[in-house]
Amino acid sequence: HCVTGVQTCALPISWHAGDATPLLAWRAEAVLEDLQAHLGRLHPWTLDAHYNAAFATYRAPESEGWDSFDELASAPGIPEGRPRTREEFAARALQLFTELEDLASLALGPRHLLTALAALGRAQQVMLTGEPARAVPQYERALATLDRVMQPGSEKLRRVSTGYGICLWRAGRHEEALSVLEEQVRLCETHIETGGANWTTLIARRAVTGVLRELGRREDEAAVFAEQWDAARPRLDELALPLLKDVRWAAETQRHLIPDPAGVEAVRARYEEMVTVLEDTALGEDPDHVEAILETRFAVLRMEAIERRDAPALAKLVEAEQERAASRPRMLLTVVIESLMGRGSIAGALGDVPSAERALAEARALGEDVNPQVLFDLECSCALAALNSGNPGPARDLLRRCEELEETPETRRWIKGQARRLERALKD
């Protein structure tokens with residue numbers, strides 16, 4: 001459209017994430033600024049452009065071109081004040097959604113769809129920036145309108161409601177989260193044409209397993225993973241990526257249910273069936289699927305190494321580490337860190353104190369590239385190794401440290417997670 005000499009671009013309300021590039025986000029905000037200058041902040045076209053700019057800014061870090069963003073961000077001609085890092089994009093998206101909610105409420109009313117979408121975007125950004133408790137009422141404000149204007153069978157509504165359940169979970173309101181998420185699974189299976197075999201249902205049910213894990217209900221968690229597999233199995237090729245992630249999570253669950261040979265065998269069988277299905281399709285050559293297969297193989301081998309408690313299983317795991325590193329040269333450090341955490345967890349389960357301590361020492365040698373969460377995880381593995389070799393002292397000392405550590409929104413969940421890990425081990 002040409003409006004008083006301003007060239008604007010018509011952007012759809014929702015793109016595929018890969019389309020929302022940093023360049024598109026910058027362009028969308030430039031359009032917004034032009035419309036605000038010529039039509040005012042409350043004009044309907046300006047409000048639509050405001051949503052487009054906020055949404056593009058929110059999705060830009062997820063774009064397929066983000067890997068080359070460092071070069072893009074340093075290119076000449078980018079206006080001053082535009083976001084350039086992931087953190088800056090997140091902060092700017094939150095600012096844009098917050099402004100839009102206030103403006104849309106003033107121009108269109110608090111119960112208008114655009115006001116609700118702005119509140120939803122604001123809630124998502126607040127949750128993603130580490131303040132889920134503050135995001136809960138914002139989700140509830142958005143849902144109060146969306147429940148009224150969307151059909152119960154709308155997959156978008158089910159997706160938003162699942163996000164609300166995840167927000168409750170991250171805020172530590174586990175029982176409420178479980179109630180909301182289980183209801184979303186039921187509604188998805190009732191209203192969505194593909195029932196349990198679609199992305200939205202898979203995400204809702206996986207969130208249920210996350211809540212159950214934090215409640216210490218590992219047996220229930222394993223049962224939900226089995227339900228997920230049975231429901232989605234008819235569409236393995238279409239749902240390969242989320243199902244491979246499910247298998248990785250299920251393998252992690254089984255590591256905490258040992259001895260359970262039947263459960264380990266079931267997870268291994270799911271992985272092997274998925275690999276067989278993907279090898280018969282073009283997806284077997286797709287880089288994202290190849291990477292997911294390798295990550296899942298690593299998780300399954302780690303599960304087996306602990307179950308079998310033998311050197312050959314550990315040797316296979318090291319081989320898988322090397323294969324993953326070779327396939328992801330740009331992610332080499334990430335693979336190394338994940339491998340060290342895997343070796344530490346195995347050593348902890350086997351009571352192998354020297355191996356656990358070596359993994360911790362190698363992680364510390366990487367310096368500032370390793371965040372404190374990884375080091376604390378490896379310290380926990382060392383304490384569990386000592387405990388499993390007959391010395392509970394380090395585990396008790398570390399549990400006391402968990403209680404003394406100062407929590408922030410970023411550290412609260414993993415500190416509590418490690419504390420529960422130590423408490424269960426000491427109790428057992």
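Predicted model: local features only at pLDDT ≥ 70, side-chain atom pairs only at ≥ 80, totals over all residues.

Biologist: What makes up the secondary structure of the protein chain?
Modeller: The protein chain has 19 helices and two strands. Of its 428 residues, 50% count as buried. Among contacts with a separation of 6 or more, 64% join residues 24 or more positions apart.

Biologist: Why are α5 and α6 called roughly antiparallel?
Modeller: The axes of α5 (residues 113-128) and α6 (residues 132-149) cross at roughly 155 degrees. Angles over 145 degrees count as roughly antiparallel, and α5 and α6 are therefore roughly antiparallel to each other. Their axes come within 8 Å, and the crossing is left-handed.

Biologist: Which residues make that contact, and how do they divide into nonpolar, polar and charged?
Modeller: From α5 the contact includes L113, A116, L117 and R122; from α6 it includes P132, R134, Y139 and V149. The residues of the contact of α5 with α6 divide into 14 nonpolar, three polar and three charged.

Biologist: At what angle do α5 and α7 pack, and how far apart are their axes?
Modeller: Helix α7 covers residues 155-170, and α5 packs with α7 at an angle of about 30 degrees. The cut-off for roughly parallel is under 35 degrees, and the angle of about 30 degrees meets it. The axes are 11 Å apart, and this crossing is left-handed.

Biologist: Which residues form the contact of α5 with α7?
Modeller: L120, M127 and L128 of α5 meet V160, G163, I166, C167 and R170 of α7. These divide into six nonpolar, one polar and one charged. Gly counts as polar in this scheme.

Biologist: How do you know that α2 is largely enclosed by the rest of the structure?
Modeller: A residue is buried when its relative accessible area is under 20%. In α2, 13 of the 16 residues are buried, so the helix is largely enclosed by the rest of the structure.

Biologist: What span does α2 reach, and what is expected?
Modeller: α2 (residues 44-59) reaches 23 Å from its first C-alpha to its last, close to the 22 Å expected at 1.5 Å a residue.

Biologist: Why is D377 called buried?
Modeller: D377 has a relative accessible area of 14%. The cut-off is under 20%, so D377 is buried.

Biologist: Where is D377 placed, and what does D377 touch?
Modeller: D377 is in helix α17 (residues 372-388). Leaving aside residues up to four places away in sequence, D377 touches M341, Q418 and R421.

Conventions. Residues numbered from 1 in each chain as written. Heavy atoms only, no water. Axes fitted to C-alpha atoms, helices over the stretch in contact; angles between N-to-C directions. Helix = DSSP H or I, 4+ residues; strand = E, 2+ residues; numbered from the N terminus. Parallel < 35°, antiparallel > 145°, perpendicular 65-115°, else oblique. Left-handed = near helix turned anticlockwise from the far one by under 90°. Contact = heavy atoms within 4.5 Å. Expected span 1.5 Å × (residues − 1). Buried < 20%, exposed > 50% of the residue type's maximum accessible area, 1.4 Å probe, protein only.
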